[in-house]
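These are my notebook entries on a structure that I consulted for the first time.

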Amino acid sequence: MQGLIQGLRSCWQERIKLAILRNSGGHNRKNMFSRTGSVETEEKGLENITVADVLITKGEENVGSWLWCRVNDNVDDAMKNMAQHNIGSLVVLKPGDQLHIAGIITERDYLRKIIGQGRSPKYTRVGEIMTDEQNKLITVKSDTSILQAMQLMTDNHIRHVPVIDGRIVGMVSIVDVVRAVVEQQNGELKRLNDFIKGEYY
């Protein structure tokens with residue numbers, strides 16, 4: 001995780017250096033970003049972007065009923081649902097409980113617990129193979145920063161995390177989080193380029 005963040009920062013810093021050199025004509029501008037001369041941006045800093053911000057950018061059409069299944073559903077139906085919607089996991093809801101999470105089922109669960117053990121997906125219930133609270137189900141809240149979410153995913157070797165605010169409100173993946181980081185850094189780079197060119201004001 002730290003390697004990924006350091007790699008993104010390093011790439012971002014190199015792009016900034018190139019932009020400064022390209023637009024400054026090679027002149028040294030040591031004090032260009034001093035506190036007294038800094039321009040306040042309208043954008044959030046990377047550390048202030050939350051999981052809620054990521055969910056908003058995904059749009060409502062990506063937070064539909066196909067994101068979850070029930071504990072009593074068979075694994076075959078859950079995997080077909082995932083394949084149909086090109087997703088890697090489903091939130092598993094408690095039976096009869098509206099939007100209260102019981103666990104999560106992922107492609108890895110299917111490979112390890114169905115294919116790897118020679119079980120039939122048609123006769124196995126989702127509740128038998130899902131990751132639940134007893135198996136270290138990892139969740140985040142909507143006010144969790146994306147940097148914390150990324151660290152959590154990397155430390156635990158997971159790609160999908162349910163977002164819980166008393167009930168399920170969505171799901172974020174490592175792809176969503178990395179995309180948010182890249183978009184924020186591209187915006188920051190554009191603002192720096194505009195500042196260097198004098199087009200920021």
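I looked up L93 and found it in strand 2, residues 89-93. Strands are DSSP runs of E with at least two residues, helices are runs of H or I with at least four, and both are numbered from the N terminus. L93 counts as buried because its relative accessibility is 1%; buried means under 20% relative accessible area, with a 1.4 Å probe and protein chains only.

I noted that residues are numbered from 1 along each chain as its sequence is written. The model is predicted: local features need pLDDT of at least 70, side-chain atom pairs count only at pLDDT 80 or more, totals for chains, interfaces and linings use all residues, and side-chain values use heavy atoms, with hydrogens and water left out.

I then asked which residue is the bridge partner of R70 in strand 2. The partner is L93. Strand 1 and strand 2 run parallel and are joined by 3 bridges; strands pair if DSSP finds at least two bridges between them.

I traced the sheet next: it is open, has 4 strands in the order 1-2-3-4, and its pairing is mixed. Strand 1 (68-70) and strand 4 (131-132) are the edge strands, each pairing on one side only.

Finally, I looked up D109, which lies in helix 4, residues 107-115. D109 is buried, with a relative accessible area of 7%. Its side chain reaches the backbone nitrogen of T106 at 3.0 Å. Beyond its neighbours within four places in sequence, D109 is in contact (heavy atoms within 4.5 Å) with I104, I114, I129, M130 and T131.

Technical notes. Buried means under 20% relative accessible area, exposed over 50%, partly exposed in between (1.4 Å probe, protein chains only). A polar contact is a pair of N or O atoms within 3.5 Å; within protein, one must be able to donate a hydrogen and the other to accept it, and residues adjacent in sequence count only if both atoms are side-chain atoms.
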